[in-house]
Amino acid sequence: MQLTLWTYEGPPHVGAMRVATAMKGLHYVLHAPQGDTYADLLFTMIERRNHRPPVTYTTFQARDLGSDTAVIFKEAMLSAYERFKPQAMLVGSSCTAELIQDDPAGLAKALNLPIPVVPLELPSYQRKENWGASETFYHLTRTLCGPKALPPGAERPARADGAPVTCNLLGPTALGFRHRDDVTEITRILDAMDITVNVVAPLDATPMDVACLGEADFNIVMYPELGETTAKWLERAFRQPTVRTVPIGVGATKRFITEVAEIAGIDAQHMLDRELSRLPWYSRSIDSTYLTGKRVFIFGDATHAIAAAEVAADEFGFQVVGLGTYAREQARDVREAAKRYGLEALITDDYLEVEDQIAELHPELVLGTQMERHIAKRFGIPCAVISAPVHVHDYPARYSPQMGFEGANVIFDTWVHPLMMGLEEHLLGMFREDFEFNDQTPSHLGHKPENAAPVDRPTSTPALTQDLDVAVIQRPQADMQADMQADAQAEIKTDAGAPVWAAEAEKELKKIPFFVRGKARRNTEAFAATQGLTTITLDTLYDAKAHFAR
Amino acid sequence: MSDTAYSLDTRPEARGTAGSNGPSNNGCTDAPVLKERGQREVFCGLTGIVWMHRKIQDAFFLVVGSRTCAHLIQSAAGVMIFAEPRFGTAIIDERDLAGLADANEELDKCVERLLSRRPDIKMLFLVGSCPSEVIKLDLSRAAQRLSRRHMPDVRVLNYSGSGIETTFTQGEDACLASLVPEMPAEAANADQSLIVVGALADVVEDQFRRLFAMLGIGPVTFLPPRRAADLPAVGPNTRFLLAQPFLADTARSLEERGAKRLSAPFPLGEEGTTGWLEAAAQAWNIPAETFEAVTRPARERAKTAIAHYRDALQGKRLFFFPDSQLEPPIARFLARECGVDLVEVGTPFLHREHLSEELKMLPEGLRLSEGQDVDLQLDRCRADAPDLVVCGLGLANPLEAEGIATKWSIELVFTPIHGYEQAGDLAELFRRPLDRRGRLKV
């Protein structure tokens with residue numbers, strides 16, 4: 001049993017819904033009690049979809065248990081088939097139905113419908129949403145393409161002379177982070193390379209389209225957590241090669257183009273010679289100097305977290321101080337990536353752990369999910385969202401992909417937006433006593449942090465005690481509170497024989513912007529300890545600053 | 001899969017008089033009810049936690065359930081919660097199911113961790129879910145065990161918000177019912193007292209407090225209280241008024257402890273609020289002149305406020321999908337005070353006794369439905385082509401995309417709508433989607 005306050009991923013059947021809702025002509029019969037229909041609003045509200053997810057919930061109740069839940073399932077299945085006339089159906093159980101073991105697969109088979117029916121076994125008590133989506137896509141593909149698979153040992157027939165090079169885009173689903181726009185962007189790039197997209201799946205595909213996946217020359221896995229399992233099977237069944245570079249950021253997009261060109265056997269130099277994104281110049285322009293070495297914490301699904309780390313380090317000149325994911329299935333890839341930045345990856349789906357690490361690292365920018373946006377807001381740290389879980393704001397009306405050259409432009413704007421510009425930051429640093437400068441507003445967006453105290457708090461302080469009412473009442477006192485906490489900390493240290501802050505040094509410390517103050521305090525104390533000092537004076541403070549200068 | 005049937009419910013009404021409610025017909029009292037059973041597009045009772053955890057300021061709600069439960073509450077709450085929540089989920093995993101871990105020990109560990117992080121918590125609800133019910137995890141024993149360990153600092157209670165047993169607002173009913181045995185007994189010679197039952201917005205509670213004081217009705221307490229320690233006393237001299245129509249179990253538990261329910265319409269709209277206050281005034285023998293003098297200013301204000309919206313709503317055809325059980329009283333308000341033409345009033349559960357005053361006032365000729373088969377109901381809705389549909393979040397955008405104006409029903413649960421001062425706001429909630437359609441030229 002795991003104590004959870006917020007969860008990064010839904011249960012696996014929500015993953016199956018992401019596939020079903022992305023597609024057309026597919027219907028999902030989910031054996032589930034009343035209440036599980038909440039998942040519909042993820043699609044109709046968060047993603048603003050204009051139709052109901054194609055899901056029939058059997059809606060069994062306590063009084064049905066042990067008597068006729070199987071009958072309810074069969075009736076729901078038949079009536080859904082008759083009403084929606086789908087090309088194919090998915091059947092499965094939600095967490096509660098899994099416990100009552102009605103065997104939807106067997107029941108569905110007994111109905112003998114004249115369409116393909118794909119039974120899903122998605123263990124709710126072990127697995128989560130992305131895995132559920134991946135498995136659903138894989139089983140659907142296997143069922144629909146299986147009959148056309150090449151016999152063992154057979155070579156893939158060569159493409160006819162003059163026929164266009166074709167590929168599939170695998171992985172985009174409903175409720176994905178910018179999937180819709182990524183598909184458009186990648187299709188444009190492929191278009192410029194004279195490559196035709198055979199099928200995009202699951203997004204907007206019909207089961208009949210999925211049945212044609214084997215016809216393409218190769219596959220592109222856009223989101224490994226959703227498409228990799230299917231791509232591996234297609235490699236075996238149709239000997240289709242796979243492009244695995246995720247084209248997020250300028251560098252990755254260029255590697256992606258190179259990889260596609262190699263597999264397709266075409267020359268794409270014209271795509272690489274010209275600079276097709278504004279990011280490189282924007283980053284090199286003198287105005288961006290203030291981005292140099294900004295300490296950034298990154299957390300999200302594996303695909304977006306790994307890509308964000310590369311873009312942050314190589315294309316923004318940030319320093320990656322933390323990298324992690326909630327996706328245990330891809331933990332190895334994230335651990336690998338973290339090594340490049342000399343870090344140990346944070347692999348957890350407990351958002352309290354993520355919060356602790358952010359508090360400890362004092363980053364200047366957080367790139368994360370909606371969870372990290374909440375954490376950053378509480379701490380008063382600028383934040384940009386790079387990955388699901390998503391919020392209605394993550395479906396902007398404008399075109400805003402993450403992938404490709406336009407995606408790099410979008411990323412530049414999105415990540416810089418929450419930060420102060422260089423000169424603003426300097427003014428704030430120089431004239432800290434100006435009463436109109438708010439100590440707690442590190443962003444020009446005007447969001448006041450509700451309570452800045454946690455940044456400076458000792459890690460043992462309960463993170464959960466800041467309720468709305470408390471936060472509102474105490475907001476003006478937040479800084480005082482932080483100072484009091486800091487004092488308490490100092491007192492504890494005094495008991496342990498650690499250095500004491502002279503009043504003058506303590507006052508100077510407060511002139512340092514609050515979001516780096518905790519770090520300055522710790523560095524100075526550590527420095528004083530190594531020097532065997534008992535009192536921290538103004539000089540100690542500046543000696544430490546010089547010592548730790550980067 | 002629906003065993004749709006018109007079944008006439010012919011139970012006679014307990015009281016023959018229609019009180020102050022105009023012409024003496026019986027409204028919908030004897031109207032047939034379309035009972036449906038099929039796919040339900042409604043939340044389960046866990047969702048009540050979203051408002052209950054704000055109402056009782058020192059309570060924490062720990063759902064013992066699956067990842068789905070955690071995801072449900074956070075999705076339902078996601079757009080509304082800006083502060084740290086006082087709810088969480090102890091997620092059952094395969095080790096608990098396979099018997100590799102003792103589920104009770106695991107639960108105790110979760111509770112220890114939680115309470116050590118939140119020393120401010122005085123009352124902890126263990127909330128049962130579909131999975132915990134199906135595996136028969138005995139949360140009442142767990143609550144007793146944990147209470148023994150943590151009293152007097154923390155009182156641990158339990159109730160079920162599972163979807164196999166509860167629909168949306170029934171979660172609040174189950175929660176309040178679990179509080180009733182904890183309420184102290186009133187003194188043997190206690191004066192007659194009044195409990196207002198059902199979570200209300202704090203501002204509404206304060207308005208009612210003032211009105212009762214001016215009327216000379218008291219002492220008055222509220223269930224749930226804002227703080228766990230403030231549970232009202234109960235006994236044979238207690239009278240209670242239901243502020244919400246979905247509190248069947250809570251009412252029964254209070255009656256078992258000797259309290260008597262005052263039959264009344266629900267305090268929605270000017271008329272409903274007056275009838276509701278009147279029920280208390282009668283029990284306290286308040287003179288009619290006093291009642292009139294005290295309520296007149298607020299009644300006039302309510303009528304003035306409603307009048308702003310009446311033109312926009314007059315004659316509009318309205319269709320309610322089932323959601324919160326608030327549908328019949330709100331429909332009554334819209335029909336009688338705003339001139340709305342009701343096409344179908346759907347409700348998850350129709351409690352005839354608690355709604356007896358409401359049913360009398362509902363205009364004849366509308367379609368009353370209980371339960372749901374959502375596809376069939378959508379068919380009826382499209383055929384009826386109403387001017388406005390009241391429905392849940394899963395249906396609203398799809399219906400809007402079909403060109404049908406909608407009002408999210410969840411807003412009726414999350415907005416202060418009770419009492420005189422909110423009567424205009426309640427009407428405005430229904431005017432807004434129509435107004436918006438009128439404004440948009442895209």
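Q: At what angle do helix H10 (residues 269-283) of chain B and helix H12 (residues 327-338) of chain B pack?
A: In this predicted model, local features need pLDDT of at least 70, and side-chain atom pairs count only at pLDDT 80 or more, while totals for chains, interfaces and linings use all residues. Residues are numbered from 1 along each chain as its sequence is written, and chains are lettered from A in the order in which they are written. The axes, lines fitted to C-alpha atoms over the stretch in contact, lie 8 Å apart. The angle, on a scale from 0 to 180 degrees between N-to-C directions, is about 120 degrees.

Q: Which term describes the orientation of H10(B) and H12(B) to each other?
A: Angles under 35 degrees count as roughly parallel, over 145 as roughly antiparallel and 65 to 115 as roughly perpendicular, with the rest left to one further class. The two helices, H10(B) and H12(B), are therefore oblique.

Q: Which residues of H12(B) meet H10(B)?
A: Contact requires C-beta atoms, placed from the backbone, within 7 Å. From H10(B) come B:Gly269, B:Glu270, B:Glu271 and B:Gly272. Their partners in H12(B) are B:Pro329, B:Arg332, B:Phe333, B:Arg336 and B:Glu337.

Q: Which helix gives the most to the side of domain 1 of chain B that touches domain 3 of chain B?
A: By an automatic or database domain assignment, domain 1 of chain B spans 5-42 + 294-439 and domain 3 spans 193-290. The contact takes 35 residues from domain 1 of chain B and 31 residues from domain 3 of chain B. With seven residues, the helix that gives the most to this side of domain 1 is H12(B).

Conventions:
Helices (H or I, at least four residues) and strands (E, at least two) are DSSP runs, numbered from the N terminus. Two residues are in contact if their C-beta atoms, placed from the backbone, lie within 7 Å.
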